[in-house]
Structure formats: C-alpha cells, structure tokens
Amino acid sequence: MSKHQPPLREGARLSRLIAGRDLAAALDSSIAPVVLIASLLLVNTAFMNGFFLHGRVEMSSFFQAMPLFLAVFLPALSMRLFAEEHKTRTIEVLFSLPISPREAVLGKYLAALGLFVLFLLGTLPIPGLLLVMGEPDLGAIVSGYLGVFLIGAELLALGVLASAITSDQIVAFIAAAAPGATLVLLGDFRVKRVLDGLTASQSLGTDIASWISPLPVFEELLRGVVGVSSLIHFGAFTAFFLWAAAQRLDRKNA
Amino acid sequence: MWILRSIQWGARGPVESASARCYKSDAKRGAARRRAKERHNERQATGFKSTPLTPPPSSSKTVDPMIRVVDVTKSYGDTVAVQGVSFDVAAGEVVGFLGPNGAGKSTLLKMISTWHSPDRGKIQVAGFDTTEAPLAVRQNLGYLPEHNALWDTMTVDRLLRFIGTMRGLSGAQLAQRRAWVVDRCKLSSVLQKRVNECSKGFRQRIGVAGALLHDPPVVLLDEPTHGLDPMQVVAFRDFIRELATMPITSGSAAGTAGRAVLFSSHILAEVAAISDRILVIREGKLLLDERTEVLKDRAAAKNTTLEELVVGQMAAQGKEVGK
C-alpha cells in the first residue's frame, strides 16, 4: 500500500491542491453556481412559505425536508467531479502526476464538500430570521445543521463514487440520486411499515432502515441526540463510498 | 569496438540481442549463435519476430536504460492491443515509435506512464517498476498524452503553477522551472489566457511545458507535433533533439547527461528526422527496432526511399507475423 501512496502529510497536501483547483473550477463553471443559487432560492422560499403560514419559530420542517432534497440536489454538484475528467480525458493528465486515487478522491470530495458548505451558509438567513422574530431553540438548530451536514457528506461521497464509475454526467447524476433517495426513503416510517408487512418476521423494513438508511440516525440528531453511533454510521458509509471510488479509479483493480 | 558494442547490445531486449549475432567476434560466434537461436525459438513461441540480420545500434551510451519494456502484453477484452513487446531506451536517446492508427503505440505509452497496467511482462522507468512503484515512475516521467487534454478553464500560468506544485516544486525552484518552460515553449504571450482560448498549436506547447516542468529524466510524447503548423513542427523537432542531450539539473536524476525521449507518430519522415532509433509496431507487435542511420544507409544502398524500405520491411514482417 505504501508503495502506491505518498506519505500521509504529502497526500494531504496533494488532496488540498486538488480540492482548491476543483473548487475554483466549479465556481468558474456555470453549473455549480446555477445549481447553488436555484437550490438556495427553492429552500429559502419553501421555508418562508411554511413559516408565514404556520407562524412557528422553529426549523424542524426545514430539516425534515432536507434528506430527500439533498439526495437529488447533491448529485448535481458531484456528477462532474470524475465524469468530466473522464470525458475530457484530463483524468490521464491527473494520474500522470504523482498522486494515488486516494488523494484524487479526497481532493475532489473536499471540493464538493466546500460547495455544500457554501449552500449551507446560504441557508443561514433562515435561523437569522428566527432569531430576529423570536427565541428559537438554538441547540435544536445546531444539531439539525450537524445532521444535515453529516447526511450531506454521506450522499456526496455516494456522488463521488457514481462520478468515478462513468464518463457521462447525466448517468453519474442518476447513479447517485436514485440510490441516495432510496437509502433515505428506506428510513421513512411508511416505507418501513410496508416492508415490515412483507415478511413473517414483521421487521424487515425496520432492520434495513436501522442498518443502511441514514434517516433514522439523522432523526436522532434532530431530536438533539448526538451519539457516537450516529457519527460512526455517517463516517463508515462516507468512508466506504470514498474507498470504493478510489478502488474504481485504481486501474489495476478496474 | 564491435565486440564491446555487441556485448552491450546483447544485454538489451530480445530483438536487439538476436539481431546482433552476426557481429560477434569469431571466438564467440558459436556460443552467440546458440544463445540467439534459443532466444529466437523463444520468440517464435510468443509470436515475436526479430529484425533479420540487422546491425546493432551504434550507440555509445553505456548507462542503464531509462525505459525498459520486457515482453509486455495488454488486451482489452478479446482484443490484443500489445503482444510480447520488448525494447529499451537509454538516457540521451530519442526513440520514435512508428505505426498506423490502432497499432498499439498509445497503449504502450499509457502503460509506460502507469495509466494502464500490462497483463504480462515488466516495464521499468528510471529503474522503477510501473506496477510496483507507479508514483516513483511518475516523478521521473514527463508525459504528453494523446489528444493533449488540459484543464480548459484555467489560465496557462495557473495551470503551470498547479502542475508544478503537484510535482512538489515551490518557491524559487518553481519560478525558475516555470520561466524555463515558458521560454522554451514560447508561452509568454498566452500566460494570462485561459487554456480554451489558446490555439491548437499553443495547447500542444502548453502540454509539453507541463510535461517538462519538473525536469524529468524520461519524456513520453504521444503524437507531439499533432496540431502544429510546419514552422512549429520544425522548431519542435529541434527542441526534442536538444531535450535529449540537455543535462538534468533537478530532481532525483540531477546530473544525468540527457533524457530518454520516446515519442509516437504515424509519420515516418518525422520519426526519421528526430529519432536515433525507430521502433515500428503493427497490430500490437514490434516489427522493427533499428537505428535511423542504419535504415537510411540501407535505403541508400538499395537505391530506394526510407518510406519504401520501412513499408517493405513492415509488409514482410507482417506476413511472417500473420503466419
């Protein structure tokens, strides 16, 4: 392994350089800014609509809508990461440089994560408005944002994997959005109930949801329960998707 | 002198060592013939054909080869792209890789650059194995891929800085190397332009600049003159020749007298104008490995053109391969 990868510190330097280049390229292109702005308009408008209709000084409806929204929105940010490099053949130039697939994947993942953080920063007017209008539960807002960040990080890692598989951005989008939405929906109580009813044990849906869906863990965070198991769940899935992307890019394993 | 050359030549790949057999001294001729026959039989078994009774290269280089390709085979599904190819390239040597489209030139260069792995055989660059130590190989390699893809939205200056920093250059060293490639590749007028605003010729030069930025001891160029106008082609040929003899000033190979340059083309005149040696590949098999001057002499002796000689030899070898 060490023969194929630079030392950790050098690897981190290379990943940072790739992240910086990719973030600049994404902001320079038309797709990422348009997706970011459109998404921000959508979520802010949707929240304001609900806020003025119900007059509640809290963000729970906003956070509950985020997992499914992110499952569709984040693939639009991640689809170009490797698919674009494959399509334009710059992937060959990238891997003529002394980097391993691990550094490349991490660098591109960090760039996508940077865009996602920009999106989250764009939603800050919502808690800002709540602070002006009343006294919201700041703990719930912070743990909600943590949950959104973690579920987004996992879905982005899935997007990186999808982008590493294909040279077509549309295919990369679908390959990330479809399983991402499925993972989220498997945790929905209605889907769980249907799946539970399909087997004699009456717990198939619940078992699947507890193992692979990020939704139950996310909902725990919304309730203010920040447990180690939650962090392990998101960390493990994120690491697995990134590892799989690096394996896919390693030509010897292709 | 001939004996010395033959011994050096004999240490090379199978094509060369076989082709050297008629130049051994009388005392060693019998043993050499036996060895050559054994190797010839071995090659027949792998479908590898030698160049018939050609003299060894008159290279005076005695250093270890910077590129060593040994019995390399690569397939994509049912298609065999490269089959049992062996050759060496020494420091200071310019070797031209000639063959029609789809012959396997780019596949071999991709394998040498570590982008693809051989299914069988070994490739070493600057002493490092491409599958065992790909990062060390890339550190010692400057590579201009086919199609010369570049990150289009970056300015030329930012692109060169990015490649330089990725290669571990920084501060004064990066500034010095950047200034050198900008000067040699004549890029000063487009430095602040985006890559996608540059002409095809400039893009090719930007690719070459990126490949040479870290002063590599081994340079691979896949169709390097593609897209250049005739004036640029002539200047570029001179540049490649100069590149091979220019001492390396930085990196782990600092002090090495000259680079190993391996470039591909499907234009014989171009290969003949630049190379010390010509490798001809067709249908994934190496048909010819010969010094350019020898081929030119042979063409002159037969009162024919180099093109006719090489095409004739390719046709003859092709028939043997097809048997």
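Me: How many residues of chain A are in contact with chain B?
Reply: In this predicted model, 22 residues of chain A are in contact with 23 residues of chain B, where contact means that the C-beta atoms of two residues, placed from the backbone, lie within 7 Å.

Me: Which helix gives the most on the side of chain A?
Reply: That is α1(A), which gives five residues, and both α1 (8-28) and α5 (90-94) of chain A supply at least two each; helices here are DSSP runs of H or I with at least four residues, strands are runs of E with at least two, and both are numbered from the N terminus.

Me: ok, switching to B:Thr114, where does it lie?
Reply: B:Thr114 lies in chain B, in the loop between α4 (105-112) and β4 (120-125).

Me: Is B:Thr114 buried or exposed?
Reply: B:Thr114 is buried because 26 other C-beta atoms lie within 10 Å; buried means 20 or more such atoms, exposed means 12 or fewer, and partly exposed is in between, with C-beta atoms placed from the backbone.

Me: And what does B:Thr114 touch?
Reply: Leaving out residues up to four places away in sequence, B:Thr114 touches B:Thr130, B:Pro134, B:Val137 and B:Arg138.

Me: What about chain B as a whole, how many helices and strands?
Reply: Chain B has 12 helices and 10 strands, and buried residues make up 48% of its 323 residues.

Terms used
Residues are numbered from 1 along each chain as its sequence is written. Chains are lettered from A and ligands numbered from 1 in the order in which they are written. This is a predicted model: local features need pLDDT of at least 70, side-chain atom pairs count only at pLDDT 80 or more; totals for chains, interfaces and linings use all residues.
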